[in-house]
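Q: Hey, could you walk me through this model? I'd like to start with the ligand site.

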Amino acid sequence: MSSVSVSADRMVEVYLDLLSQPCRAVHILLNCTKIPHRVRTVALRRGENRSPDFTKLNPMQKVPVMVDDGFVLTESDAILKYLATKYDVPEHWYPRQPERRARVDEYTAWHHSNTRPHAAKVFITEVLLPAQSGSSVDEVRLIHALSQLDDTLDKLESMFLRRQPFLCGDDVTVADLLAVCELMQPLGGGRDVLQARPQLQSWRSRVQSAVGDAFDRAHTVLYALRDRRKAKL
Ligand SMILES: N[C@@H](CCC(=O)N[C@@H](CS)C(=O)NCC(=O)O)C(=O)O
């Protein structure tokens, strides 16, 4: 595990691999809200998440993990909401008003069995499994994954973005971060899953503008993967 320091005495520590979608969501929130933090990189491709030290921190052996003054927290959803509640960040990230907050919770509950697995499956099928096994892409599995993702994209458009610019209302929230990072993941294999989706593309641009350069900073590793793969073709 390596560390990247950001000056401050007491700061939040986050254990991340930026090739991981939920890690990027946490990274973006920390950077665009300027919460003092230190990133400790856990390279999943080198199995650092299975090291004894990391396993002590998170027996699930998954990233992200956050440590704040001895308080250890796993699960990106919980981490994002904790950070937005504990630190002095603009209220729109995780509104206090009960109905507005419930809208964020509504999306994030849905996210973990829809956007997350369906976008991840496209990346796993097209990039991860072929890289690990050395075999070519399983086209049948890919077509199935793309069709499941299509259904999720339809619902994002027709339900969450039906009458509003962001998933949970008029301003960006932690829900948009979780969603956008998942939907960016297949780009690692050169696939923009929003290519034929102008409504979702506009939403992605709004999220990108709302978070500024924190977006590209979090996605640098993914862009590099895409470019390396393109260069090999
Ligand atoms: N529900 C968790 C998912 C965490 C997760 O699956 N992390 C993956 C990377 S995206 C991981 O650490 N995988 C390592 C492994 O399973 O060996 C969250 O949102 O934080």
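Q: Which residues surround the ligand?
A: The ligand has Ser20, Gln21, Pro22, Leu44, Asn49, Gln61, Lys62, Val63, Pro64, Glu75, Ser76 and Asp77 around it. A residue counts as near a molecule if its C-beta atom, placed from the backbone, lies within 6 Å of it. This is a predicted model, where local features need pLDDT of at least 70, side-chain atom pairs count only at pLDDT 80 or more, and totals for chains, interfaces and linings use all residues. Residues are numbered from 1 along each chain as its sequence is written.

Q: How does that shell divide into nonpolar, polar and charged?
A: The shell has 4 nonpolar, 5 polar and 3 charged residues. Here Ala, Val, Leu, Ile, Met, Phe, Trp, Tyr, Cys and Pro count as nonpolar, Asp, Glu, Lys and Arg as charged, and the others, Gly among them, as polar.

Q: And which helices each supply at least two residues of it?
A: Those are α1 (21-33) and α3 (76-86). Helices (H or I, at least four residues) and strands (E, at least two) are DSSP runs, numbered from the N terminus.

Q: How do α1 and α3 pack?
A: Their angle is about 10 degrees, and the axes are 9 Å apart. That makes α1 roughly parallel to α3. Axes are lines fitted to C-alpha atoms, for helices over the stretch in contact, and angles run from 0 to 180 degrees between N-to-C directions. Angles under 35 degrees count as roughly parallel, over 145 as roughly antiparallel, 65 to 115 as roughly perpendicular and the rest as oblique.

Q: Which residues meet there?
A: From α1, Pro22, Ala25, Val26, Leu29 and Leu30 meet Ser76, Ile79, Leu80 and Leu83 of α3. Contact means C-beta atoms, placed from the backbone, within 7 Å. By class, this contact has 8 nonpolar, 1 polar and no charged residues. Pro22 and Ser76 are also among the residues around the ligand.

Q: Switching topic: what domains is the protein divided into?
A: There is domain 1 (2-89) and domain 2 (98-232), with bounds from an automatic or database domain assignment. Their C-alpha centres lie 21 Å apart. In the contact, domain 1 contributes 16 residues and domain 2 contributes 17 residues.

Q: Which element gives the most on the domain 1 side?
A: α1 does, with 9 residues. That side of domain 1 divides into 9 nonpolar, 4 polar and 3 charged residues.

Q: Last one: what about α4 and α7?
A: Helix α4 (residues 98-111) packs on helix α7 (residues 174-184) at about 25 degrees, with the axes 9 Å apart. α4 and α7 are therefore roughly parallel to each other. Val104, Tyr107, Thr108 and His111 in α4 meet Val174, Ala175, Leu178 and Ala179 in α7.

Notes: Contact = placed C-beta atoms within 7 Å.
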